[in-house]
Amino acid sequence: MQQNQFAIELRDIEQGPKRTWQTFVEIGSDRSRRPAAWIVAGDPSSPRSSAAAVGSAKPDGGSQVTSRDVAASVAARKAGGYAPGKQGKFALHAATQGQELLCVIRPDPSVEGDSRSYVVDDAQRQNLCRIRKGRSASGLRRAWHLEVSSSGEVFTGCRGTFLGWALFILFLPLWIPLTLISVVVGFMDSGTWDSLTWQPPRRTVWRRRGLGPKALEYKSSGSHWYAGELIDRRIAFAQTLLRKVG
């Protein structure tokens with residue numbers, strides 16, 4: 001089964017619609033990188049964001065994204081997220097000249113008061129999937145549950161593999177003092193705590209119940225893969241974005 005690699009990068013956002021936050025980039029077998037979709041903060045159906053997010057030109061005929069917009073996006077990224085994104089509302093636009101709308105991500109309106117459930121609709125407002133953040137079947141690990149509307153299949157991605165957690169627990173007594181030393185040395189050297197790099201396993205693999213084929217994978221190195229035979233590219237992008245901001 002062919003695995004398609006992609007990443008989220010701060011790349012070419014000045015060419016995207018206004019309020020573009022970051023860019024999904026597809027990575028070819030030759031390691032070439034091609035922008036695939038722009039991530040726009042906000043729901044284009046809302047009056048406040050539609051004029052900015054659809055990609056229409058400004059009334060003065062200027063470029064869609066100014067240097068100030070780019071600087072604001074960079075600052076928001078460094079600060080940990082765009083304000084509308086913290087509400088779970090995003091739109092994905094094709095990274096092409098037409099900037100056509102690919103899908104909209106928003107909180108699930110059928111689940112009142114639950115900020116962990118989302119729906120992903122296409123440009124015609126037809127539902128593509130539902131995504132819910134919860135726990136694994138055992139309740140021990142954080143998990144994302146992805147339900148594809150067209151097939152009814154459910155893929156579950158649990159944070160960290162069993163092997164990753166086993167090694168994490170095994171070496172925990174060693175990592176604690178090493179981390180403390182790293183933090184102290186880093187603070188003395190730069191005055192910040194940025195040297196803190198130790199953290200629990202993050203690799204996440206979405207599968208059907210049991211040990212079925214991988215539909216989507218996030219590696220701790222930051223790379224992402226999806227199987228086009230199992231899930232739509234838009235669904236893979238939406239789940240990856242929610243995992244990143246959630």
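1. Strands S10 and S11 pair antiparallel over three bridges. Two strands count as paired if DSSP finds at least two bridges between them. Val205 has Glu217 as its bridge partner in S11. Helices (H or I, at least four residues) and strands (E, at least two) are DSSP runs, numbered from the N terminus.

2. A word on provenance. This is a predicted model, in which local features need pLDDT of at least 70 and side-chain atom pairs count only at pLDDT 80 or more, while totals for chains, interfaces and linings use all residues. Residues are numbered from 1 along each chain as its sequence is written, and side-chain values use heavy atoms, with hydrogens and water left out.

3. Overall make-up. The chain holds five helices and 12 strands. Of its 246 residues, 41% are buried. Buried means under 20% relative accessible area, exposed over 50%, and partly exposed in between (1.4 Å probe, protein chains only). The accessible surface is about 13600 Å², with 55% belonging to carbon and sulfur atoms. Areas come from the Shrake-Rupley method with a 1.4 Å probe; for residues, only the protein chains shown count as cover. Among contacts (heavy atoms within 4.5 Å) with a separation of 6 or more, 45% join residues 24 or more positions apart.

4. The barrel. 12 strands close into a barrel, in the order S1-S2-S3-S4-S5-S6-S7-S8-S9-S10-S11-S12, with antiparallel pairing. From one strand to the next, the twist averages 20°. Helix H5 packs on the sheet. H5 touches S1 (3-9), S2 (20-27), S3, S4, S5, S6, S7, S8, S10, S11 and S12. The direction of H5 makes about 125° with that of S2. Axes are lines fitted to C-alpha atoms, for helices over the stretch in contact, and angles run from 0 to 180 degrees between N-to-C directions.

5. Strand S4 (residues 90-94) deserves a look. Five of its five residues are buried. Phe90, Leu92 and Ala94 point one way, Ala91 and His93 the other. In a regular strand, side chains alternate between the two faces of the sheet. S4 pairs antiparallel with S3 (residues 33-41) over five bridges. There, Val40 has Ala91 as its bridge partner. Four bridges join S4 to S5 (residues 101-107), also antiparallel. His93 stands opposite Leu101 in S5. S4 and S5 form a hairpin with six residues between them. In that turn, Gln99 has a positive phi of about 55°.

6. The core. The largest nonpolar core has 37 residues, and Phe24 and Leu92 have the most contacts inside it. H5 (residues 233-245) gives the most to this core, with six residues. A nonpolar core is a set of buried Ala, Val, Leu, Ile, Met, Phe, Trp, Tyr and Cys residues joined through side-chain atoms within 4.5 Å. Setting aside neighbours within four places in sequence, Phe24 contacts residues including Phe6, Ile39, Leu92, Phe237 and Leu241.

7. Where is His224? His224 lies in strand S12 (residues 224-227). His224 counts as buried because its relative accessibility is 5%. Beyond neighbours within four places in sequence, the contacts of His224 include Asn4, Phe6, Glu217, Tyr218, Thr240 and Arg243.

8. Salt bridges. The structure holds 10 of them. A salt bridge is a side-chain nitrogen of Lys or Arg within 4 Å of a carboxyl oxygen of Asp or Glu. Side chains of opposite charge can pair when their charged atoms come close. Glu9, Arg11 and Arg33 are linked in a network. Within it, the closest N and O atoms of Arg11 and Glu9 are 3.9 Å apart. Arg11 is partly exposed at 29% relative accessible area, whereas Glu9 counts as buried at 18%.

9. Arg130 and Asp108 meet at 3.5 Å, N to O. Arg130 is in S7 (residues 127-135), and Asp108 in the loop between S5 and S6 (117-122), 22 residues apart. Arg130 is partly exposed at 38%; Asp108 is buried at 7%. Glu153 and Arg208 meet at 2.6 Å, N to O. Glu153 sits in the loop between S8 (142-148) and S9 (154-159), and Arg208 in the loop between S10 (204-207) and S11 (216-218), 55 residues apart. Glu153 counts as partly exposed at 25%, and Arg208 counts as partly exposed at 29%.
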